[in-house]
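Here is a short briefing on one protein structure. Take a look at the chain before reading on.

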Amino acid sequence: MTDTPAPVSPPGSSTGAAALPRVAVRGEALLEADPEIARIGVTVQARGSDRRAALEDLTRRNAEVLELVRSYGEAVESTETGSFTLTPELSKHGRGERVRAHHGRVHLQVVLRDFAALGELSTRLAELDLTRVDGPWWSLRPDSPVHRRARQHAVREAVTRAREYAQALGADLVGLIDLADLGTEGAFPSPAPAAPGSALRGLGGAAPEAAVPALDLEPRRQTVHAQVNARFTISAPQL
C-alpha cells in the first residue's frame with residue numbers, strides 16, 4: 001500500500017491565499033482639468049395689476065430670451081426651463097382677498113460648450129427687460145474621460161503603495177484579494193445662488209447690440225478626486 005501525497009493548493013486558490021499575509025491600502029488621485037461646459041441661470045420676471053397682462057408680458061420676455069439663446073447655435077448645448085410661477089400679491093389694506101398685483105417668473109438653465117460666446121450672451125441677456133442672470137458655474141461632463149483617468153491613477157497608486165509596504169518587509173506582492181471603488185467625485189458642485197447685488201440684471205429697455213459689452217469670463221479649473229480601497233496578498237516577510 002503506497003502513501004497518497006497530500007493535495008497542494010494551487011497558487012491563487014482560496015486556501016493558499018488564506019495562508020499568505022495580507023496588506024490593505026487606499027489609493028487616491030487628484031487631477032485638475034479645464035472645464036468642459038458652463039451653466040448660467042436666467043430668471044425672467046413680469047409684474048402687473050392685471051393677471052392676463054402680467055402673463056402676456058412674461059410670455060413675451062421668455063420668448064425673447066429663448067430667441068436670443070437659440071441665435072448662438074451650436075455654442076449652446078442645451079436650454080431647460082426649471083420652473084414657472086405666477087403669484088398674486090394681496091393688498092395689505094382693506095377687507096377681503098383683494099389682489100394688488102400679479103408677479104410672474106420663469107427660471108431657465110442654459111448650458112454652453114463654447115466659452116467664447118459665454119460673456120457676450122450673459123451681458124446681452126442681462127440687458128433684457130426684468131431679466132436676471134446668475135453664474136457661470138463651470139463643470140466637467142459626467143462621462144468626461146478625466147473621471148476615468150482619475151480612477152485609473154487611484155488604482156495604480158494603490159498597487160504602488162502596497163508594493164512599497166511589501167518591499168519594506170522584504171516581501172513581494174502575490175495577488176489581489178479585492179478592490180473597492182469609493183467613487184469618483186468632481187469638486188465642482190454648483191455654488192450657492194449669487195447674492196442679489198452680484199447678479200446681472202436687466203431693468204430697462206434693451207440697448208443696441210453694438211453697445212453691449214462682453215464680459216471676459218475666465219474658466220475655473222476643475223478638480224476630480226478618486227479613491228479606492230484594495231487588499232493584496234504578499235509573500236512571506238523577511239523579518
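Buried means a relative accessible area under 20%. Keep that cut-off in mind for this predicted model.

**A buried valine**
- Val 224 is found in strand S8, which covers residues 222-234.
- Its relative accessibility is 0%, so Val 224 counts as buried.
- Val 224 and Leu 30 are 194 residues apart in sequence. In space, their C-alpha atoms are 5.7 Å apart.

**An aromatic pair**
- A pair of aromatic rings is described by the distance of the centres and the angle of the planes.
- The structure holds 1 aromatic pair.
- The ring centres of Phe 115 and Trp 138 are 5.0 Å apart, and the planes stand at 80 degrees, so this pair is edge-to-face.
- The pair links distant parts of the chain, 23 residues apart. Phe 115 sits in the loop between strand S4 (99-112) and helix H3 (118-126). Trp 138 belongs to strand S5 (residues 131-139).
- Trp 138 is buried, because its relative accessible area is 11%.

- Helix H2 (residues 51-70) packs with H3 at an angle of about 160 degrees. Their axes are 11 Å apart.
- That angle is over 145 degrees, so H2 is roughly antiparallel to H3.
- The crossing of H2 and H3 is right-handed.
- From H2, the contact uses Val 65, Leu 68 and Val 69. From H3, Leu 121, Arg 124 and Leu 125 take part.
- Of the residues in this contact, 5 are nonpolar, 1 is charged and none is polar.

Key
Residues numbered from 1 in each chain as written. Predicted model: local features only at pLDDT ≥ 70, side-chain atom pairs only at ≥ 80, totals over all residues. Heavy atoms only, no water. Phe/Tyr/Trp six-rings, centres within 6.5 Å; stacked < 30°, edge-to-face > 60°. Helix = DSSP H or I, 4+ residues; strand = E, 2+ residues; numbered from the N terminus. Buried < 20%, exposed > 50% of the residue type's maximum accessible area, 1.4 Å probe, protein only. Axes fitted to C-alpha atoms, helices over the stretch in contact; angles between N-to-C directions. Parallel < 35°, antiparallel > 145°, perpendicular 65-115°, else oblique. Left-handed = near helix turned anticlockwise from the far one by under 90°. Contact = heavy atoms within 4.5 Å. Nonpolar A, V, L, I, M, F, W, Y, C, P; charged D, E, K, R; others polar.
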